[in-house]
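Colleague: Could you walk me through this one before I look at it in detail?
Modeller: Of course, let me bring it up.

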Amino acid sequence: MHHGPLIAIIVAGLGLAFVFGALAQRLRISPLVGYLLAGVAVGPFTPGFVADQNLANELAEIGVILLMFGVGLHFSLKDLLSVKAIAVPGAVVQISIATLLGLGLGTLLGWNWFSGAVFGLALSTASTVVLLRALQERRMVQTERGRIAVGWLIVEDIAMVLALVLLPVLAEIINGTPSGGSAPLATRFDLGVWGVLGLTFAKLVGFVAFMLVVGRRVIPWVLHWVAHTGSRELFRLAVLAVALGVAYSSATLFGVSFALGAFFAGMILSESPLSQRAAEETLPLRDAFAVLFFVSVGMLFDPGIILRAPGPLIATLAIILIGKSVAAWLIVRAFGRSNSVALTISASLAQIGEFSFILAGLGTALGILPAQGRDLILAGAILSILLNPVMFALAERLTSEAPATAKPKPAPAPEAASAPEQTPAPEPKPPAPPERDITPTQLNDHIVVVGYGRVGSLLGAGLLSQGSKLLVIEDNPDAVETAKRDGAELLVGNAADPEVLSAAGIARAVRLFVAIPGSFEAGQVCEQARAESPTLPIVARAHSDAEVAHLTKCGATLTIMGEAEIARAMLSLCQNLASTAAAKGPAETEAGVAAAEARPEEPASVDADAPRLLKPRKPAPESPSEDPPAAA
């Protein structure tokens, strides 16, 4: 069978990305660095295999679509409107400042003002993939900082869509030559610049209206219908078809970007109860294609630019890393947000990406951007993406140092900071607390519960009813609120972080329950906890025999598999029904059935008994009949 360049680039891209990503992880740096280096290795500027750049760009575009669709699933229209007061003016001002800085550098390099403006515009927009991956890794997408950053990004995307439509028309006016135009209708009727701008706005408004009126009804209805067929394959296919279909249609019919179309599709679907399942179904493909995006970016990097033009390259990086960051920090602070929010937004925007490449390519093709400008943009993108984790680390360090100099009082939960979002804090008031609270606990002989979802909340309620000293580790906003209402001591953060586990006093705890469903993260928690306390009883949850083996290997004392426990509970219920019928006779069987059916409604009792069941190394025979139904 003949193999083409598509298979070659997928195999080489993913294979080398895994190798370099694993090395980067081993060296304790972001795997993104490894993915970029994999792209450099298969690019045209290094010896050996050279992948097809056009195919790489198209595969990367799929990654951007799926990533933005996933973000839309967790970003409601209410969230978007809640940050419009800062995201819209903030993004506009920051784009203007970065464009002026780029124009100044272009003037120093001898370019005309239009070339400099295009160069600066390309430096003003951040990469969708880089920003979202950074926020997801730090679990910030649904925090106040994350919502502002994503809203800011959407405004930038809209501005870039307008720029891509206007550039051909402006190039035709300035150069006096036909450009072919990206707005053929406007060119045909000679609408001019303002006509093109009005037409673009009309298309954008039309797209948003179409999604809110038609898409809001059709997309959830289609997925609900597919879900009722009972076919997981068909549901996964429907989710991918919606994400890719809406993105492609939005670009073809309305002239908006793939990313923006996919984001709106996800945001419309987020109002449906199926949104969480849709997000889970797209996750594997989303991660794979996001990796290919970074590989495609790495292929564009010509290391020779570092030797040919070191001065202009340093100046370009200074605009991206310093100019944009300082501008964003000042803007956010001017709107009354805390220093931690301002630093996070600054670090998020300290890079450039996919729209920058598109602008650079279009500008070069239209003859309005010199080849040197394109090379500087590409080199600046690669280096800024490589340095972006450093910017985040610096922002986190500055954020963590700020409360220590103020006062030692423990910071409240992060959601309390996001409540007064609409009204900026007056200047004399102290800044809002950080999103993460890792103040060390003072508890001794306590029980630690990691995760406060369906399983953890039932478990925690049972433990608290027994009078146990309970500490909950959680970072989901809804679960945090539930834990606070139940009266548990709370530690906001990721339990896989050794700093968080240490703050939870694992070495002084009497028991640890890992109630999160993800076996990979649960295994990390078990390993970290076992390193802190070799004799600590650790109970974890699993969904398969392989997960049981994995968690046991990671240090879990006891692992409960939900499906097995449900089956045992059903068998126990069946035995109870049979014994009730035999003891009371046929006349009383109906009343016995009603009483037996009421027993599964008491799931908290097993969670409350769980500490007593941990004394033996294996579960007691009667334990399955109570808790696992709730865990499922």
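Modeller: I would begin with a cysteine, since Cys554 is buried, with a relative accessible area of 9%. Please keep in mind throughout that this is a predicted model.

Colleague: How many disulfides does the structure hold?
Modeller: The structure holds zero disulfides. For Cys554, the nearest cysteine sulfur is that of Cys526, and it lies 6.4 Å away.

Colleague: Which helices pack at an angle of about 20 degrees?
Modeller: Those are helix α23, residues 519-532, and helix α24, residues 545-554, whose axes are 8 Å apart. The two are therefore roughly parallel to each other, as angles under 35 degrees are classed that way, and α23 passes α24 in a right-handed crossing.

Colleague: Which residues make that contact?
Modeller: From α23 the contact uses Ser519, Phe520, Ala522, Gly523, Cys526, Glu527 and Arg530, while α24 contributes Glu547, His550, Leu551 and Cys554, so both cysteines we discussed take part in it. By class, the contact of α23 with α24 has five nonpolar, three polar and three charged residues.

Colleague: OK, over to the other helix pair. How do α5 and α6 cross?
Modeller: The axes of helix α5 (residues 84-108) and helix α6 (residues 113-124) come within 7 Å and cross at roughly 135 degrees, and α5 and α6 are therefore oblique to each other. Their crossing is right-handed.

Colleague: What meets what there?
Modeller: On the α5 side you will find Gln94, Ile95, Ala98, Thr99, Gly102, Leu103, Leu105 and Gly106, which meet Trp113, Gly116, Ala117, Phe119, Gly120, Leu121 and Ser124 in α6. The residues of this contact between α5 and α6 divide into eight nonpolar, seven polar and no charged.

Colleague: Changing topic, where is Asp445, and what is its phi?
Modeller: Asp445 is placed in the loop between α19 and β1, and its phi is near 55 degrees, a positive value in a residue other than glycine. As background, most residues other than glycine have a negative phi.

Colleague: Is Asp445 buried or exposed, and what about His446?
Modeller: Asp445 is exposed, with a relative accessible area of 53%, whereas His446 is buried, with a relative accessible area of 0%. His446 is also in the loop between α19 (414-418) and β1 (447-450).

Colleague: What does His446 touch?
Modeller: Leaving aside residues up to four places away in sequence, His446 touches Thr441, Lys469, Leu471, Ala504, Gly505, Arg508, Ala509, Val510 and Arg511.

Colleague: And Val130, where does it lie?
Modeller: Val130 lies in helix α7, residues 128-137, and is buried, with a relative accessible area of 2%. Not counting residues up to four places away in sequence, Val130 touches Phe294, Gln351, Ile385 and Asn388. The C-alpha atoms of Val130 and Pro389 are separated by 9.8 Å, although these residues are 259 apart along the chain.

Note on methods: Residues numbered from 1 in each chain as written. Predicted model: local features only at pLDDT ≥ 70, side-chain atom pairs only at ≥ 80, totals over all residues. Heavy atoms only, no water. Disulfide = S-S within 2.5 Å. Buried < 20%, exposed > 50% of the residue type's maximum accessible area, 1.4 Å probe, protein only. Helix = DSSP H or I, 4+ residues; strand = E, 2+ residues; numbered from the N terminus. Contact = heavy atoms within 4.5 Å. Axes fitted to C-alpha atoms, helices over the stretch in contact; angles between N-to-C directions. Parallel < 35°, antiparallel > 145°, perpendicular 65-115°, else oblique. Left-handed = near helix turned anticlockwise from the far one by under 90°.
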